[in-house]
Amino acid sequence: MQIKLLHDLVEEMANEGTGRIVDILFRKKDVNEFTIAKKMNLTINQVRNILYKLSADGLVSFIRKKDKRKGWYIYYWTLKTEKCLEKLEQSLLSKIKDFKNILGNRETKRYYVCKSCNIEVTEEKALENGFTCEECAEVYELSDNSGSIRETKTIITKTEKDLALIVNELSTVREKDKKKRKRADKKEQKEVDAQKKILRTARAVARKKIAESKKKPVKKKVSKTEKKPVKKKVSKVKKTKKKK
Ligand SMILES: [Zn+2]
């Protein structure tokens with residue numbers, strides 16, 4: 001993972017100086033927020049503020065556990081690698097777009113500068129001001145765009161390299177994730193198959209039992225009809241009752 005890039009991204013999203021949180025969370029799981037606060041030398045609320053900002057974009061996730069002794073919840077945080085890379089990809093793409101815009105303007109448009117105030121304006125603005133500086137009334141000079149064209153090109157090249165790294169890393173992470181999911185699916189399928197087998201066996205046993213229980217009553221009926229003397233006994237009892 002390009003930690004430095006992620007560092008910068010976090011600072012863009014949640015204030016300067018917050019990037020250190022990446023170092024603390026990187027390659028860890030469920031980091032206690034009190035540990036983070038201690039390491040960053042911040043209060044628990046400051047740490048939570050940073051993490052809430054990051055979690056709004058899905059860059060971190062949390063679980064919470066109740067502290068039995070104190071009775072409040074403690075949050076445990078995890079950096080979401082894939083989401084971070086996706087966000088980095090987006091951010092770099094938009095930076096490249098912005099810098100290409102700047103480059104296009106520098107290549108096609110004229111800019112004017114007041115050398116004593118060190119202020120640069122667009123041609124439209126210079127025209128509006130009658131080609132004299134708004135601040136000191138000095139006459140504007142035509143800007144030399146070659147420097148900023150060179151600089152912007154360098155930045156674009158660097159940003160594109162960073163983007164390539166991120167895209168590459170993202171595809172590795174996704175590939176790993178895919179394999180992991182495949183393994184999980186296979187395992188799940190095996191469990192489903194095993195359960196089906198158990199169910200099939202159970203059904204077969206049940207069917208057998210039902211079949212056996214259907215046969216038994218038939219045998220009993222037969223035995224009852226065979227034991228006709230029972231009725232005679234009953235009648236004898238009845239007779240004795242009548243005698244009473
Ligand atoms: Zn000026």
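Which residues in α3 meet I44, V47 and R48 in α4? In this predicted model, E33, F34, I36, A37 and M40 of α3 make these contacts, two residues being in contact if their C-beta atoms, placed from the backbone, lie within 7 Å. The model is a prediction in which local features need pLDDT of at least 70 and side-chain atom pairs count only at pLDDT 80 or more, whereas totals for chains, interfaces and linings use all residues. Residues are numbered from 1 along each chain as its sequence is written.

Helices (H or I, at least four residues) and strands (E, at least two) are DSSP runs, numbered from the N terminus. Helix α3 (residues 33-40) packs against helix α4 (residues 44-56) at an angle of about 105°, the axes being 9 Å apart. Axes are lines fitted to C-alpha atoms, for helices over the stretch in contact, and angles run from 0 to 180 degrees between N-to-C directions. The two helices α3 and α4 are therefore roughly perpendicular to each other; angles of 65 to 115 degrees fall in this category, with those under 35 counted as roughly parallel, those over 145 as roughly antiparallel and the rest as oblique. By class, the contact of α3 with α4 comprises 6 nonpolar, no polar and 2 charged residues. Here Ala, Val, Leu, Ile, Met, Phe, Trp, Tyr, Cys and Pro count as nonpolar, Asp, Glu, Lys and Arg as charged, and the others, Gly among them, as polar.

The buried residues of α5 are C84, L85, K87, L88, L92, F99 and R106, a residue being buried if 20 or more other C-beta atoms lie within 10 Å of its own, exposed if 12 or fewer, and partly exposed in between, with C-beta atoms placed from the backbone.

Three strands form an open sheet in the order β1-β3-β2, with antiparallel pairing. Strands β1 and β2 stand at the edges, each with a single partner strand, so one side of each is left without a neighbour in the sheet. Two strands pair if DSSP finds at least two bridges between them. Strand β1 (residues 31-32) is joined to β3 (residues 73-79) by 2 bridges; V31 stands opposite W77, and N32 opposite Y76. Strand β2 (residues 60-66) is joined to β3 by 7 bridges, with T78 as the bridge partner of S61. The hairpin of β2 and β3 has 6 residues between the strands, and G71 takes a positive phi near 80° there. Helix α4 lies across β2 and β3, running at about 125° to β2.

Another open sheet of 3 strands has the order β5-β4-β6, also with antiparallel pairing. Its edge strands are β5 (119-122) and β6 (141-142), each pairing on one side only. Strand β4 (residues 111-114) pairs with β6 over 2 bridges, and Y112 has L142 as its bridge partner in β6.
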